[in-house]
Amino acid sequence: MDFTLSEEQLMIQQAARDFAQQELLPGVIERDEAQKFPTDQVKMMGELGFMGMMVDPAYGGSGLDTLSYVLVMEELSKVDASASVIVSVNNSLVCWGLETYGTEEQKQKYLSRLATGEIIGAFCLSEPEAGSDATSQKTTAIDKGDHYLLNGTKNWITNGNSADVYLVIAQTDVKKAHKGINALIVEKGMKGFEVGPKENKLGIRGSDTHSLNFNDVVVPKENRIGEDGFGFKFAMKTLAGGRIGIAAQALGIAAGAYELAKKYSKERKAFGTEISNHQAIAFKLADMHTQIEAARFLVYKAACDKDNDGNYDLSGAMAKLYASQVAMETTVEAVQIHGGNGFVKDYHVERLMRDAKITQIYEGTSEIQKIVISRSILKQ
Ligand code: CAA
């Protein structure tokens, strides 16, 4: 498989790299510490076309392929994984789902503003008792004729407070189990919809993660995505693509930590020479580079599969499983190469290490990816 990037892809990659250095890097430590949402940076990313990268230009998007999106995710994540998860959720979990399964009215009303970053979206599947076990939805959307009455609680919702549009998965007919689940578009400000407290997190602290409460929220029928009962399939199909975005995020975190560690190892001296001249350090760098290249091939392959109608459920799950493992291992080694300085916030690698952990958890834990992979290969 040929991953030679086109002129356009190289330009997009460079634009993301420049943006990350110029606009994300300054203040990234402070935003992490204060758990401050990158409001200005998200606005700029909207102007650059990063918030609706794969959306048709007719709906305000950039009309690019998944590989371009992955390149941008990788570059942003090298510097600020909090900013990149906001991009990932808006692109993969919200815009893609709306563009693929939404009605023309829903696209006109929501997609064009989401794709330009004028407003932000959130994807609401997880619940206090339904994380990995996603079919066990307790949130209910009772059919009342012309509307649904929505009740329940969602947990760990990325963009929880800053979003304007929420795609909420809820159970309409419990007797039909997962076939009785619907996906509804809920707007901030709907009566009975409240944003709960912000989570105080280990990593990606610049993104806002909240619980959400729905108390008798009246959601018009025209806000349902797809046919009655399509909500669980909608969530699964959307997440299959989302996992490619998170795999690219993990790849970027790993690559960012590796680049910092390599640079540091050529500057820092010990025992009379740069530490990169010590085999103990050089071999670590060799392992890191090899693992990152392998992760990159898996991530790019999954992106190409999505663009070419391949089985990206499988390749996306493999990419996320492996890239997130590489992100964790590489960031730990990057801290080790930095020694005492690695433990200090100014050198960035400790933040990347903290940020890496979530890539093994959200949008399906590593264990869930193994379920998806094993079921897929055993079916073949
Ligand atoms: N595409 C289409 N349909 C799919 C599918 C896919 N990728 N995966 C499953 N389905 C369908 C199945 O075909 C089945 O439908 P039928 O009965 O009609 O055949 C239905 O969904 C139920 O599937 P399973 O029987 O396989 O269901 P399961 O209970 O065994 O669970 C699972 C499957 C893969 C483990 C699923 O529950 C899962 O993915 N869990 C993890 C959830 C997750 O990723 N949560 C992340 C939260 S979102 C987040 O983190 C966002 C954020 O803010 C960053």
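This is a predicted model: local features need pLDDT of at least 70, side-chain atom pairs count only at pLDDT 80 or more; totals for chains, interfaces and linings use all residues.
Residues are numbered from 1 along each chain as its sequence is written, and side-chain values use heavy atoms, with hydrogens and water left out.

Visitor: How many aromatic pairs does the structure hold?
Guide: Rings of Phe, Tyr and Trp (its six-membered ring) pair if their centres lie within 6.5 Å, and planes under 30 degrees apart count as stacked, over 60 as edge-to-face and the rest as tilted. By that rule, the number of aromatic pairs in the structure is nine.

Visitor: How many residues apart in sequence are the parts that Phe 3 and Tyr 300 tie together?
Guide: Phe 3 and Tyr 300 form an edge-to-face pair, 5.9 Å centre to centre with 80° between the planes. Helices (H or I, at least four residues) and strands (E, at least two) are DSSP runs, numbered from the N terminus. Because Phe 3 lies in the segment before α1 (7-24) and Tyr 300 in helix α8 (residues 279-307), the parts tied together are apart in sequence by 297 residues.

Visitor: Is Tyr 300 buried or exposed?
Guide: Buried means under 20% relative accessible area, exposed over 50%, and partly exposed in between (1.4 Å probe, protein chains only). Since its relative accessibility is 6%, Tyr 300 counts as buried.

Visitor: Which residues do ring pairs link into a cluster with Trp 96?
Guide: The cluster is joined by ring pairs. Besides Trp 96, its members are Tyr 101, Phe 230 and Phe 234.
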